[in-house]
Amino acid sequence: MLDCAIIGGGLAGLTAALDLVKRGLDVVVLEARDRVGGRIENGILDDGQYVELGGQWIGAGHDAVQELVDRYGLQTVTLPNKGHLVVRLRGQNLEVPSAGEGPALSPFEVSDLGQGLLRLRRLAQRLRDDRAWSAANDAWLRQDLRRWIKTNLRTQGAQLRFIEVYTAAFGPMSRTATLLEGLHQVNSGPDLESMLASNGGLNQRRVEGGMYEVCRAMAEELGEVVQYGAVVDSVEHDDRSATLVLADGTRIQTRQVISTLPPKLATRLPHEPPLPEWRLETTGKVPAGNVIKAFLVYEKPFWREKGLSGQSSADEGAVRVTFDSTTGENERGLLMGFFEGADADSLSKRSISLRQRSFVESVIRTFGDVASKPIDYIERDWSTEKFTGGCHGAHFAPGVWTANGPVLSEPVGVLHWAGAEYASRFNGYMEGAVRSGRETAAVVARNSA
């Protein structure tokens with residue numbers, strides 16, 4: 001009998017497996033696909049250049065992911081820091097100097113900036129959705145916007161960068177601007193968080209060769225511990241052990257189980273006896289996000305010749321955010337973007353040629369007719385992936401994470417859960433997946449002692 005069977009060979013599953021093997025436990029990783037990585041995947045173009053179809057960004061504080069990068073001797077590269085960001089707002093384009101041309105933010109300033117932006121977005125959502133709250137706080141909402149910024153962002157660097165990006169999105173901030181006016185702008189304009197990610201000096205990095213190289217190296221180290229094409233059909237369990245029944249009829253007996261499936265898929269998997277009703281109800285409130293990640297391929301990165309970074313943000317269009325994902329100086333130009341939310345829901349049901357055309361139409365409005373003739377198009381519609389069912393991560397309904405989120409990671413007898421959605425920190429990120437894998441492995445190891 002195995003000590004632990006792990007369902008899923010993404011970052012969380014591979015991390016947990018490495019930890020448990022190091023502790024001397026007998027482990028298997030059951031991966032339904034013919035590859036590891038889960039929501040991390042590389043696509044290869046006809047000229048051999050790679051594109052990252054899933055998770056790729058390593059941000060400030062993502063120390064656990066960086067440890068893996070260092071462990072396997074891989075290197076990271078930053079976003080292009082030359083050229084202007086293009087902001088499209090109400091049909092008008094504005095070019096904004098890249099934050100890379102100014103002083104970099106310290107890790108503390110990056111954290112301060114992110115927290116301030118999160119507060120602003122939540123206030124904007126509440127203003128939009130809760131009229132009673134808005135009416136009751138009318139006087140407070142009419143406070144000076146700059147005063148709110150200084151109160152909620154503690155560092156000068158974060159305050160200045162916040163105002164720079166806000167100005168890029170909405171125009172100069174008047175001296176009489178109120179918090180109420182600012183919240184209305186946030187609700188009607190481009191995505192400030194995306195703008196800050198692309199132009200806010202957040203020092204986001206990518207792994208050379210793609211984040212998939214990290215997963216590949218982890219699987220290589222685990223060797224035969226990882227089994228491919230191993231689709232788990234059901235889980236039978238009691239207080240002392242579990243049996244995983246595979247699609248080919250194989251029955252795997254194990255003392256403990258770690259499931260790294262996203263919450264919705266985890267509860268759809270038949271369990272005998274059934275999982276607690278509260279878990280089913282909570283995961284019902286946590287639908288998977290819907291994202292189509294796409295790339296337009298050009299003979300060369302034309303935007304660089306125009307003095308642009310390739311990064312853009314817009315308040316309309318099928319694709320509202322773009323990044324330069326070109327992997328080398330002399331490679332073809334890669335312009336990456338996302339179809340998200342309602343646009344992804346609608347376009348997922350249409351043809352790939354229509355999605356390509358929609359992407360091209362969006363970037364023409366941003367970069368001009370020079371963007372009208374890509375030589376290739378590649379995408380990953382994560383909602384159609386059987387063993388993923390959506391991306392980037394699950395969407396917690398208002399109040400769900402606060403009330404029930406931490407409980408989702410709690411074990412049920414010998415059954416454990418790990419992954420980005422179960423992480424107490426960096427929830428929804430690759431960093432959260434790695435940390436969750438480590439923490440869950442530690443619990444399994446204690447139970448095995």
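The model is predicted.

**Stop 1: the cavities.** Start with the whole structure, where a search finds 3 cavities of 30 Å³ or more. The largest cavity has a volume of about 70 Å³. To see what surrounds this cavity, select Ile7, Val235, Val257, Ile258, Ser259, Leu261, Ala266, Leu269, His271, Leu415, His416 and Trp417, which line it.

**Stop 2: the strands at the lining.** Next, select residues 251–259, which form strand E12, and residues 415–417, which form strand E19. Each of these strands supplies at least two residues of the lining of the largest cavity. Now colour the lining by class: how many residues are nonpolar, polar and charged? The lining has 9 nonpolar and 3 polar residues, and no charged ones.

Stop 3: A disulfide is a covalent bond between the sulfur atoms of two cysteines. A search of the whole structure finds 0 disulfides.

**Stop 4: helix H8.** Finally, select residues 179–188, helix H8. Which residues of this helix are buried? They are Leu179, Leu180, Gly182, Leu183 and Val186. Turn the view to look down the axis of H8: the buried residues fall within an arc of 160°, so they line one face of the helix.

Technical notes
Residues numbered from 1 in each chain as written. Predicted model: local features only at pLDDT ≥ 70, side-chain atom pairs only at ≥ 80, totals over all residues. Heavy atoms only, no water. 1 Å grid on protein atoms, 1.4 Å probe; cavity = no way out; pocket = protein on both sides within 12 Å on 5 of 7 lines; lining within 4 Å. Points joined across faces, edges and corners; volume = space filled by probe spheres on them. Helix = DSSP H or I, 4+ residues; strand = E, 2+ residues; numbered from the N terminus. Nonpolar A, V, L, I, M, F, W, Y, C, P; charged D, E, K, R; others polar. Disulfide = S-S within 2.5 Å. Buried < 20%, exposed > 50% of the residue type's maximum accessible area, 1.4 Å probe, protein only. Arc of directions from axis to C-beta.
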